[in-house]
Amino acid sequence: MKIVAITACPTGIAHTYMAAARLEKVAKNFGHEIKVETQGAMGIENKLTEADIRQAQIAIFAVDIEVEGRDRFNGVKVIQVPLQEALKNPENIFSKIQR
Amino acid sequence: MEFAFSCPLSSGLHARPASLLAETANQFSAECSLTNLRNGLVGNAKSVLGIIAADVRYQDHCVLEVSGVDGHAALSALQRCVDQTLPTCDVGLAESPASRNNVTVPRVLQSAHATCISGVVISRGIAQGKVAFLRRIRLSAHDKSLPARDPQYELTRVKEAVIAVRQRIGEKLKYAITPVGAAVLQADLAIAGDILLVEKLAQQISQGKSAAQAVVETGEFFIDLLGHSENDYIRQRAADIEEICAQLLEEIGELHSSETMALTEPTILVAESLAPQQLLDLDRRWLQAIVLENAATTSHAAILARSLGIPTLAGARNTRVALPAGREVIVDANRGFVVAQLSSSVRRFYDREQETLRRRMARSSRDGTKRATTKDGRAIEIAANVSSADEATLAFENGADGIGLFRTEMVFLSREQAPSEEEQFAIYSEVARRSCGRPVIIRTFDIGGDKKVPYLNLPREENPFLGYRGSRIYDEHQDLLLTQLRAILRASVSGPIQIMAPMVTSAEEVAQFKAAVAQAKGSLALSGIDFSGDIKIGMMIEVPSAAFMLHELCRELDFFSLGTNDLCQYFFAADRGNAKVSSLFHVRHPAFLRFLDQIVRQIHQGKRWVGLCGEMAADPQNLPLLLGLGLDEISVPASEVRYLQQAIPRWDSDRCEQILNGALACGDAEEVARLLSELWNTGSPQPLLTSELIVLGSASETKEEVIQEMIDAFYVCGRTEDRHALEEALWAREAMGSTELGHGFAIPHCKTDAVTANSICVLRLREPIHWDSEHRERVNMVVLLAVRNADPANMHMQVFSSLARKLINDDFRQHLMKIDTAGEVTAYLARQLDIPLHPEDSAIAERPAQSRTL
């Protein structure tokens with residue numbers, strides 16, 4: 001499955017990047033292809049392109065703040081979870097997707 | 001006739017409602033008495049003190065009894081007062097809690113539920129001791145034995161004093177700004193005219209006491225009566241009575257504040273206010289700290305306390321009510337509060353704090369003691385303001401480049417007769433010897449104002465600060481001046497001493513001063529006594545008129561020193577000791593800064609040297625302004641010397657000039673303050689990693705202690721000057737959600753300019769602790785990330801995001817758990833994060849483990 005994701009937290013210096021790393025790692029274990037955009041203190045990194053979003057079957061927002069450029073995801077199925085969820089139980093997110 | 005009621009006021013019948021009740025009762029000739037049924041106490045309802053002494057608290061059942069010809073009318077008037085006036089008389093009078101909100105109580109103390117009473121820091125330091133109160137109404141031994149004259153005469157004196165004090169309070173009442181202030185004055189007014197007080201005074205005099213003795217004994221009687229109440233408000237009235245009696249004594253002309261208070265154990269002195277003489281009389285061996293209720297922060301006693309290095313707080317309201325005498329407390333005059341109860345966690349916190357301060361001191365003295373220069377190489381002298389040879393020694397130990405101000409009045413105060421030439425010569429030459437060639441500016445005595453000496457018999461003045469003081473008294477006291485000048489001149493053989501005149505208003509005064517120096521030289525030469533012939537002569541700039549005569553003064557003198565405390569109060573016409581107008585006294589006001597700028601320019605045009613020795617130099621926030629002014633020297637209390645020397649290399653002199661110009665263009669003091677606070681944190685980039693921020697084997701037991709310990713590590717190595725702001729930033733992030741990561745890791749983090757550099761701090765616990773209540777797992781490894789807001793957005797952020805990603809990695813975490821030494825931790829992190837290691841750390845990496853036991 002092709003997945004896109006966004007991680008963002010209030011200070012944007014730690015959890016944003018840790019959650020991104022977790023999602024990337026666990027997605028691989030589940031056999032998914034994932035691209036994670038981080039919206040942190042350095043601004044947007046690893047930005048999702050229009051093509052990335054079009055090709056994805058699902059988008060995961062693991063965020064504790066408002067996502068920048070939410071309108072890019074019009075017409076895409078989005079699951080939004082608190083960032084802690086991506087950090088602590090990323091497996092849950094992916095099993096939910098599979099169901 | 002009587003009626004019963006229950007007290008409707010939650011704070012009881014304190015002075016204000018009592019004064020309303022008494023006022024009503026006094027309109028009638030009937031006798032009125034109040035009985036408190038709870039305790040059986042009966043008071044005269046025509047007397048505020050009588051009512052207060054009945055100790056009526058919320059919902060106490062009371063009976064008001066009235067008897068006399070107009071009893072009916074009195075009863076209904078009192079009933080109306082109780083039913084209608086009393087219930088609402090406290091509305092809107094609640095003290096604003098603002099002063100308590102900005103208290104910087106660390107989380108460790110908050111979580112220990114320690115009661116902290118806040119105050120303004122006058123002199124920094126931490127001290128522990130037992131509370132003792134300085135009584136303002138005391139009679140000297142002399143007055144005790146002084147016999148009373150004719151009772152009629154004494155009674156008249158007392159009555160006149162009462163009238164004068166009431167008049168004075170009435171005057172103040174006219175100008176009271178806040179309802180709270182007015183209510184307090186109203187109550188004071190009622191107490192000062194209280195029939196019980198007046199009766200008691202008359203009774204004492206009829207027993208053969210003098211007016212002053214009567215006031216003291218009456219005051220002590222009521223203070224004793226009210227001081228034992230369990231009600232805070234009523235105990236507070238004891239302080240009011242003390243104040244009123246002090247004013248009465250002052251009016252009678254017998255206020256002797258100089259009676260010595262004997263200290264026998266480590267003591268925290270609590271007082272409304274303090275005269276310099278009272279402070280000097282206290283036994284320094286036992287005096288640990290001073291807590292003043294009065295809010296004025298620049299009184300001479302405050303300056304003296306700072307120069308003596310006695311931790312001091314001011315504006316600590318209601319301390320005398322909240323703290324019983326004899327209670328063991330800690331005064332934290334670094335953060336600005338008194339800790340009222342010492343639990344084991346409070347003691348533990350302060351044990352650690354002392355250790356932190358010791359390590360910080362040790363580290364900063366390691367940094368060397370060369371003359372401070374700005375980033376672009378401009379040198380500036382950092383000198384010290386002192387009052388004694390001991391203080392001068394301390395200043396030189398702290399690396400001072402000289403003594404910018406030796407206040408000699410302390411040599412003159414606190415004694416029965418003037419110091420002899422020999423005595424002064426001994427003191428001045430000792431300082432000169434200890435200076436090892438560094439300049440010492442000795443200011444001739446500045447007596448008058450609030451600094452009084454008995455042997456000069458200076459007249460009492462309405463307005464001493466605008467009166468007979470400083471060089472103005474030299475003409476009349478030529479002998480005293482000549483003696484001092486001879487002593488200074490003789491001492492100048494031992495070192496580069498310079499002479500400075502205080503409170504100079506005009507060029508004529510300078511001419512007279514120089515003539516006196518010439519005369520002193522002449523008399524020494526005549527006797528064949530050695531002195532330095534080319535001694536430099538300068539003056540303080542404290543009086544604005546002098547600033548408009550600089551062209552002439554530069555021709556006459558060698559140097560100038562800006563005494564900004566007095567200069568500022570004369571400039572704004574605002575008494576710096578008066579809390580009511582002290583907000584007008586603002587050294588950072590653009591009007592004052594423009595004035596200073598003009599003065600420094602003119603002195604430099606006249607090719608003369610100019611320093612600054614006022615309090616404003618001790619505030620690090622002002623440093624860029626002072627550097628921008630282009631001063632030749634800054635003189636501060638001995639304890640501040642080192643800090644300034646370290647701060648100066650961070651600044652560029654051109655940049656400081658721009659900052660000053662920005663401040664000169666501001667519209668008010670607040671705008672200047674904003675401008676400065678934005679600037680202050682621009683330190684030089686430091687490496688992200690340092691082994692000074694790696695703590696292994698921590699003994700902390702709570703999350704609060706862990707965070708405090710990590711903040712302390714920042715503080716020790718100079719990466720934060722504001723531990724409170726750093727702590728608040730970290731806790732603000734904690735409030736948004738757990739920073740616990742699992743696997744025994746937590747990563748508190750924040751973006752704040754309270755750190756002087758982006759930093760990674762690592763702490764490993766000896767015993768794991770709970771981080772958040774909702775997580776069952778314990779934490780034993782804490783990685784703290786602190787990022788500056790003011791830095792360019794991307795600085796170090798790659799490293800932070802890569803560290804964050806690594807923390808997800810099991811191997812990385814496990815490795816961090818196992819490393820033995822701080823040096824190895826930094827080396828490992830540097831390798832993993834691909835950042836260069838600081839050269840100092842490469843060396844430290846070789847040293848053994850930095851585990852500490854606390």
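Guide: Two residues are taken to be in contact if their C-beta atoms, placed from the backbone, lie within 7 Å. Please keep in mind that this is a predicted model.

Visitor: Which pattern of helices and strands does chain A follow along the sequence?

Guide: Chain A holds four helices and five strands. Of its 99 residues, 40% are buried. Read along the sequence, its elements follow the pattern β-α-β-β-α-β-β-α-α.

Visitor: Which element gives the largest share of the side of chain A that touches chain B?

Guide: The interface brings 15 residues of chain A into contact with 19 residues of chain B. On the chain A side, the elements that give two or more residues are helix 1 (15-29) and helix 3 (83-88). By class, that side has eight nonpolar, three polar and four charged residues. The largest share, five residues, comes from helix 1 of chain A.

Visitor: In chain B, which strands form the closed barrel, in what order?

Guide: The barrel of chain B is closed, has eight strands and shows parallel pairing. From one strand to the next, the twist averages 30°. The order is 13-14-15-16-17-18-19-20.

Visitor: At roughly what angle do the axes of helix 19 and helix 20 of chain B cross?

Guide: Two packed helices are described by the angle between their axes and by the distance between those axes. For helix 19 (residues 478-491) and helix 20 (residues 507-526) of chain B, the axes come within 9 Å. The crossing is right-handed, and its angle is roughly 65°.

Visitor: How many residues of the contact of helix 19 with helix 20 of chain B are nonpolar?

Guide: Helix 19 of chain B contributes B:L481, B:L482, B:L485, B:R486, B:L489 and B:R490. These meet residues of helix 20 of chain B, including B:A516, B:V517, B:Q519 and B:K521. Two residues of this contact are polar and three are charged, while the number of nonpolar residues is eight.

Technical notes:
Residues numbered from 1 in each chain as written. Chains lettered and ligands numbered in written order. Predicted model: local features only at pLDDT ≥ 70, side-chain atom pairs only at ≥ 80, totals over all residues. Axes fitted to C-alpha atoms, helices over the stretch in contact; angles between N-to-C directions. Left-handed = near helix turned anticlockwise from the far one by under 90°. Nonpolar A, V, L, I, M, F, W, Y, C, P; charged D, E, K, R; others polar. Pairing = 2+ DSSP bridges. Buried ≥ 20, exposed ≤ 12 C-beta atoms within 10 Å, placed from the backbone.
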